[in-house]
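Please open the structure in a viewer and keep the selection tool at hand. The tour below names what to select at each stop and what is to be found there.

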Amino acid sequence: PNGACPVLTALPVPIAMGAVATIDFALDGWSSVAATVDFGAGTGVGTLVVVDTNDIPVGSSYVGGSGVQRGVVGPLRPGTYRAYFRGEANRFSQVHGGIDCLGDCAAQIAQGTPIVIAGYGQRIEITFTPRPWPRVSGIVTDAVSGLPLQGVLVQLAGGFSAVDSRTTGSDGSYALFVPPGAYLLHAGSVEHRNEAYPDAACESP
């Protein structure tokens, strides 16, 4: 909001020859919205976004890490705003007011709790608790020995596009976080026949 003041809106100050003029200013500070984002025992990444009454973004702040994190958006003029946390990687988005959503929450912003900034120099505190995406996990083993297989690529696809993938650890385990939906899972190994869940062989020897 910062900008130059039109000089002609000021009152002329008469300064006489040889005089020493003392002119003091008391400046109002801009306001801001500060969000506490609680990722619980896990980690998360996202962006705090503040929009005006026309749902046009007026500021944003990156928020990421583990546990409780903070983000601040400002400077803001007095007015009415709404805010949402746009989740990335493995977290749902959330509109201020506890409304879970996906992506930019365009359809849910109007339902959010209004943030009223009545004057200058205010910091409005709000809180988000974005939930993690659903978790898909399992163990890949050798069909004969039953031993866990390390280094197997497990892919999750929506239609014909890969959504995410993980390589199994030493215990044969993997874990994926994905938004709600219907997916296909595929496990691929150089030393084993590839398979699509459930029990559908993808290749011939």
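The structure holds 3 aromatic pairs; rings of Phe, Tyr and Trp (its six-membered ring) pair if their centres lie within 6.5 Å, and planes under 30 degrees apart count as stacked, over 60 as edge-to-face and the rest as tilted. Select Phe-85 and Phe-128: the ring centres are 6.5 Å apart and the planes stand at 40°, so this pair is tilted. The pair links distant parts of the chain, with Phe-85 in strand E3 and Phe-128 in strand E7, 43 residues apart. Helices (H or I, at least four residues) and strands (E, at least two) are DSSP runs, numbered from the N terminus.

This is a predicted model, in which local features need pLDDT of at least 70 and side-chain atom pairs count only at pLDDT 80 or more, while totals for chains, interfaces and linings use all residues. Residues are numbered from 1 along each chain as its sequence is written, and side-chain values use heavy atoms, with hydrogens and water left out.

Buried means under 20% relative accessible area, exposed over 50%, and partly exposed in between (1.4 Å probe, protein chains only).

Next, select Val-45 in strand E1. Val-45 is partly exposed, with a relative accessible area of 26%. Its contacts (heavy atoms within 4.5 Å) include Phe-39, Tyr-62 and Phe-85, not counting residues up to four places away in sequence.

Move on to Gln-94 in strand E4 (residues 93–95). Gln-94 is buried, with a relative accessible area of 5%. Among the residues that Gln-94 touches, not counting those up to four places away in sequence, are Phe-85, Cys-105 and Phe-128. Cys-105 lies in the loop between strand E5 (99–101) and E6 and is buried, with a relative accessible area of 1%.

Cys-105 has a positive phi of about 60° although it is not a glycine. Asp-55, in the loop between E1 and E2, likewise has a positive phi, of about 65°. Two peptide bonds also deserve a selection: the bond from Gly-74 to Pro-75 is cis, and the bond from Tyr-197 to Pro-198 is cis.

Now select the largest nonpolar core, a set of 16 residues in which Val-33, Leu-48, Val-50, Ala-83, Ile-126 and Phe-128 touch the most other members. A nonpolar core is a set of buried Ala, Val, Leu, Ile, Met, Phe, Trp, Tyr and Cys residues joined through side-chain atoms within 4.5 Å. Strand E1 gives the most to this core, with 6 residues.

The last stop is the largest pocket, with a volume of about 570 Å³; a volume is the space filled by probe spheres set on grid points, which are joined across faces, edges and corners. On a 1 Å grid over the protein atoms alone, a pocket is an open set of points where a 1.4 Å probe fits, with protein on both sides within 12 Å along at least five of seven lines, and lining residues have an atom within 4 Å of a point. Of the 26 lining residues, Val-140, Thr-141, Ala-187, Arg-193 and Glu-195 lie nearest the centre of the pocket.
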